[in-house]
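Here are a few notes to read alongside the model. Keep the viewer open as you go.

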Amino acid sequence: MRIAVVGGGPGGLYVAALAKQLRPQHDITVWERNAADDTFGFGVVFSDETLGGIEHADPVVHAAMEHEFARWDDIDVHVKGEVITSGGHGFAAMSRKRLLEILQDRCRELGVTLHFLTPAPDVDTLAAEHDLVVAADGLNSSVRARYADTFGPSVELRRCRYMWLGTDKVFDAFTFVILETPHGVMQVHGYPYDAHGSTFILEMHDEVWERAGFGAISRRFEATGPLPGESDEESIALIRELCGDVLDGHKVMANNSRWVSFATVRNQSWRHGNVVLIGDAAHTAHFSIGSGTKLAMEDALALAACLHEHDQLPAALSAYETERRPVVLSTQRAAQASLEWFENLGQYVHQEPIQFAFNIMTRSRRVTYDNLRLRDHEFVERADAWFADHERRRGFGSTEVRPPMFQPFRLRDLELVNRVVVSAMDMYCSVEGLPGDFHFAHLAGKALGGAGLVMTEMVCVSPEGRITPGCAGLYTDEQAAAFRRIVDFVHAETPAAIGLQLGHSGRKGSTKLMWEGIDLPLDEGNWPVVGPSPLAYVPGVNQVPRELTVGEMAEVREQFVAAARRGEAAGFDLLELHCAHGYLLSSYLSPVTNQRTDAYGGSLANRLRYPLEVFAAIREVWPAAKPITVRISATDWVEGGITGDDALEIAAAFEAAGADAIDVSTGQVTPDERPAFGRSYQTPFADAIRNRVGIATIAVGVISSYDDVNSLILAGRADLCALGRAHLYDPNWTLHAAAEQGYAGPAAQWPVQWRAGSRRPQTGRTDAPKPRLQLVREGEPAVAHRRWRP
């Protein structure tokens, strides 16, 4: 094959070297518009997994890299005058310039033609004259731009600015420094790459960047028409001043160093005919979880392997994208979580150093409580001990050090034995709103399974307020008595509390049971639906709701009040007002569904008016000692809908009205939504509300492991975690989580009838025999901290 590689960075050079090595008869040419010794940046970081792939693919390149590596295990977090260290992480870094030299030498040795200071020929010409064109031309790829209709690129710019610098200070660990300045919080990311220098990145929110004066300086610099490669020296001088304590008299080195907003690149396709994208041309991921160089070299490995394994080019390129895309998407999700964490850094500076350190370690959701415990159990034990003491000081009861999910929690006079909540899940099996034996088995069974709080499904306040004919209600005394039977069992036989969720379906009512056709209208027997505005959920499919008059709104409010009174009579411990998922009260909150022109529409304050009136009315009749929570959709996942910033205002309004916690869900307001679905995908909204508004939050949304629950609670991103499907899969989820973690205490009480099964059943032995004796010298830490020493 004749192969043209556009771009002589690490990804382009490595794919050229690998392809030539696998088939020496390939004719491979690399074009790079910069000089051979030009490089932008200083050091690059690799994971052990990537290095393993490089070692197997090309031992010559790996050996040359190995000779250059700075290796270390520790992460240091400098915050509030303390340095918190966590070990066991494993890093390898090297100079980017030396990496390029190694790859260039390898290409020349193998017979690859290299052109430097030479722009590549037109890509259409290259594609016509070569069998394959590899576009490794980086973030601002001209090849990607040429075939944008096929690649379908998107570039997302975020709200932080950063500058990539170097320093002759050699850090001995991966270092995060949190700088609290008069302008706002800034952060330093630093790591060594050889015996003489370290990468040094300063990052901050756009607003902090402006307040610090960097915005004005940067605009002056850009107005001068800087030459390619020229650095913003005025900004760098100010950075030296701001970071004087961090640099400790060491030099700052610049290399095309300017302020940048990180750009996340995504493409719908990486292939166009015989042209394929790799590296930053195809995708980017925020530098806080690894380097773009790492991803580019992994792409090169996969592409070279697929070319070697397939006889036909289309099959090879298809296999490459099929192999790499899931890996890249996973990395981008983790990188997005990390990016957003740093973007919102200001909401965490109130945390005590040990909690802050745990939070920063677990920010991407890839490193978790259990994962961190494997890496450095002493660090996690210290964090657990701090958390137990911190919660005791908050008045939550226990001084025992235990997994965070098993610490108690208090809302008003209600003490929950642990942090696990069984989510409200509709069962769709009531008859005329009456909960029956299935509801008893469902709710009682979940309470026996160990959760601290079990929530009912959305219990409807009127027949017309039901979602389906199978939805439970609390608009008759008979229904209240049926719920009383369930509540009495939970209180008599389990330590769990039981909560009542009240709601009204609004425009999403009069539909089929979920398994018969979710959100589809009934074939017959429909009842009229209502809403703030006459807008159907799915136009042409669902009914157009009748716009409620102010008088009718008052009637519905009194239905909520009557249901709350019945809930108290039934003995429920907690009440939750459902203001999410596009049901009636949610429809008032969202501008997508509320287009009223009276006092209940328009501004967010106006759209809040009716839900707050309902909340105030039920708070008045609900006992003062018992808590009320509010479930909200923190975003509509659609342009023009509720945003995360709106959710902060909504939460603050309910807190001011007397809410005790916010149950933070998202979406389901409009069928046009495009949620960023994934593991724990809604938790950043709960995190922001808890740490900015200062109200307790319940996190929900694809939280399925006890590891995730421990991570979220200990990091201070939520106070409680609600799990739904996990409890359907395993009604004893909480008890099993305790057994898996070796916890047996008051926060996970097995019913006496079940205690014989409270330990995990024995299985066949799969592990190797453990050493009979393992000595640790007195005074020697059980976790060895490996620091970088030149």
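1. A term to start with: a polar contact is a pair of N or O atoms within 3.5 Å; within protein, one must be able to donate a hydrogen and the other to accept it, and residues adjacent in sequence count only if both atoms are side-chain atoms. With that in hand, look at S462: a polar atom of its side chain lies 3.0 Å from the backbone nitrogen of G465.

2. Some ground rules. Residues are numbered from 1 along each chain as its sequence is written, and side-chain values use heavy atoms, with hydrogens and water left out. The model is predicted, so local features need pLDDT of at least 70 and side-chain atom pairs count only at pLDDT 80 or more, while totals for chains, interfaces and linings use all residues.

3. Back to S462, which sits in the loop between β21 and α18 (477-493); helices (H or I, at least four residues) and strands (E, at least two) are DSSP runs, numbered from the N terminus. S462 is buried, at 3% relative accessible area, where buried means under 20%, exposed over 50% and partly exposed in between (1.4 Å probe, protein chains only). Leaving aside neighbours within four places in sequence, S462 touches Y475, H504 and Q559, contact meaning heavy atoms within 4.5 Å.

4. Now the barrel. Eight strands close it in the order β20-β21-β22-β25-β26-β27-β28-β29, with parallel pairing; two strands pair if DSSP finds at least two bridges between them. Neighbouring strands of this sheet are turned by 25° against each other on average, direction ignored. Strands β20 (residues 420-422) and β29 (residues 720-723) pair in parallel over three bridges, and V421 has A722 of β29 as its bridge partner.

5. What about β25 (residues 574-579): how many of its residues are buried? Six of its six are. L574, E576 and H578 point one way, while L575, L577 and C579 point the other. In a regular strand the side chains alternate between the two faces of the sheet.

6. β25 has parallel partners in β22 (residues 497-503), through four bridges, and in β26 (residues 628-633), through five bridges. Q501 stands opposite E576, and L575 has I628 of β26 as its bridge partner.

7. Finally, a helix: α17 (residues 437-448) lies across β20 and β21 (453-460), running at about 155° to β21. Here axes are lines fitted to C-alpha atoms, for helices over the stretch in contact, and angles run from 0 to 180 degrees between N-to-C directions.
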